[in-house]
Amino acid sequence: MATLDLDRRGLGGIAPPPEEVVLAPGHTPATITDKITAIVNGRTPRWWYIAFGLSLLVLGMFTTAVGWLFWKGVGIWGINIPNGWGFAIINFVWWIGIGHAGTLISAILLLLRQDWRTSINRLAEAMTLGAVACAGMFPILHLGRPWLAYWLLPYPNTMGLWPQFRSPLIFDVFAVSTYATVSLLFWYTGLVPDLGTMRDRAKSRVSRVVYGFLSLGWRGSIRHWNNYESAYLLLAGLATPLVLSVHTVVSFDFSIGIVPGWHSTIFPPYFVAGAIFDGFAMVLTLLLPLRAAFGLQDMVTERHLQAMAKVMLATGLIVFYGYLIEIFFAWYSASNYEWFMMRNRIGGPYKYFWLALILCNGLIPQLLWKKSIRANVVALWLISMVINAGMWLERFVIIITSLHREFLPSEWGMYRGTLWDWATFIGTLGIFMTLMMLFVRFLPMIAMSEMRTLTPGSGSHGAAEEHA
Amino acid sequence: MTTRRSDAIDYDDNIPAGHHDEIYGVMAEFATADELLAAAHAVREAGYRKVDAYTPYPMEAVVEALEVPRSKMPLVVLIGGIVGCLTGFLLAYTTQVFIWPWNIGGRPYNSWPAFIVPTFECTILFAALSAVIGMIALNGLPQPYHPVFNVPAFADRASSDRFFLVIEAVDPRFDRGEANRFLSGLNPSGVSEVEL
């Protein structure tokens, strides 16, 4: 496959077949502007009101659940001793992992000059921001006294207290807050030229002023582009190690502890691969319906879907390898506790969770080997939903199967999520969907200035004629 | 540049619109990237120095044609990163060694391997902030008003699909008639004077 691509790109000079293009032929800078600004400037489609209304309803469920949590305390959740980390930490890890695909697409694929990232990076970055917003809430809600969350920050105070910098939980505060900030900066920097376009295309004075204000008065001067391109590339270079560090740090929360099943050096790479696996699944979950709703098949082509499916397949295999090697390590460690944990994970009270996890993350994604399945939008969407569920199960299995059978039988106990656990978890989907709906309605969901470089005759890198 | 502009504002009040003596420059509009690139080379060869191009997407070839100096962004980001690195490490070091020392499992107060994570995160945070703030500052943004938007074709299409080249009035070789004639000879789809 790789040699074939090489032939097409560099040696043979053969035009790529239609399914390989990242932008349908016939597009010019003007048609790109028209199409993408029309999504924002046109009439609001009816389905948007329905979707937004539903998202707000689910968001209402979140505020209710959290309101009750603030009133009563974490006792309304299913957490207990020994299962001190229940849904809150499962959801935190799940959401923060989902965010990773956005940064991977926007930063790492930029550095690797993958031109298929261009039409999906804006949406993926917005997804990152939504996911990090959801993730960031859980550790705070889990604190028990969430109004004291600011104690986690290093600031001089009358109590004379400072954060404990040797603790992975403080690492988390630094990693997640840096990640949220840098993701926002990266996303906003990418948006600035497009906000200038939105300003010039605004239909009303209010929107012209708002977009104009946000665009900082961007005018596309070549001197500006010179600094801008440099800054954008540097941000990509900074975001790349950052995104790898974030899930590594999240995995430290587990692997620095001595709990059987957590105390493992495999955690950082295996968490990062899982994050990208799940993140791509979430991008597809969002992108496929939006692509159909807004008729974006000419910009998000089959090439994009094929490429994303392949990334999911590859990272999924890394994750699956992680599951298998964990079993090997547990046996090879010759530690009674590790080996008991693993046998209990596979055959204990939570065995169906583990089986479902292997099915969702290990077996079903293997369907992606088949090109016709990667090209089938419905199948791809269903598989990505299965992976989303599978990755949530993975975090459940890691956290609960380790905690519910710790070293001494006297500290054993079962865990189950209560109604309020579920309401909080599903409620964050409401936050996420609300943010995504607002994003697609009010901001250009595809990076116009970058898409223009893909048109023939643009004289930029990535233009179609250079590949042909 | 700034003195000329403030001069112009002084007599803006007395002179009716369309009769400015002072202009920002002369602007040519091009339909394609190739035409702009050719024009950028030509204008540079003709000896103009205060020239700017406006494109709807980044074009490195035009940057080179106009001999725009290398961006200072890498230096700004490097300094930001170094400051962040020192801040992160010193924050952990001073609090854990001097201000709030705790014996955690017999580890030394300066347990620097554990401080790598906050140090790293602060490095990235400061570098990223300096990249964005530096880019905005080096570009002189935010800028609520700029004369180029006075040209209707520019305000309409510069951010979408048209390419513009401006010879600014501050150029030592600038002559209004000459600049008009010169730009008209570069096969533009339109030439207009940019009012201040």
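Two residues are in contact if their C-beta atoms, placed from the backbone, lie within 7 Å. Keep that rule in mind as we walk through this predicted model, where local features need pLDDT of at least 70, side-chain atom pairs count only at pLDDT 80 or more, and totals for chains, interfaces and linings use all residues. Residues are numbered from 1 along each chain as its sequence is written, while chains are lettered from A and ligands numbered from 1 in the order in which they are written.

Let's begin where the chains meet. Chain B brings 61 residues to the contact and chain A brings 49 residues. On the side of chain B that touches chain A, helix 5 (112–138) of chain B gives the most, with 17 residues. Helices (H or I, at least four residues) and strands (E, at least two) are DSSP runs, numbered from the N terminus. By class, this side of chain B has 43 nonpolar, twelve polar and six charged residues; Ala, Val, Leu, Ile, Met, Phe, Trp, Tyr, Cys and Pro count as nonpolar, Asp, Glu, Lys and Arg as charged, and the others, Gly among them, as polar.

Now look for the sheet in chain B. Its four strands form an open sheet in the order 2-3-1-4, with antiparallel pairing (strands pair if DSSP finds at least two bridges between them). Strand 2 (51–54) and strand 4 (190–195) of chain B are the edge strands, each pairing on one side only. Further in, six bridges join strand 1 (residues 23–30) of chain B to strand 3 (residues 163–168) of chain B. Here F30(B) stands opposite F163(B) in strand 3 of chain B.
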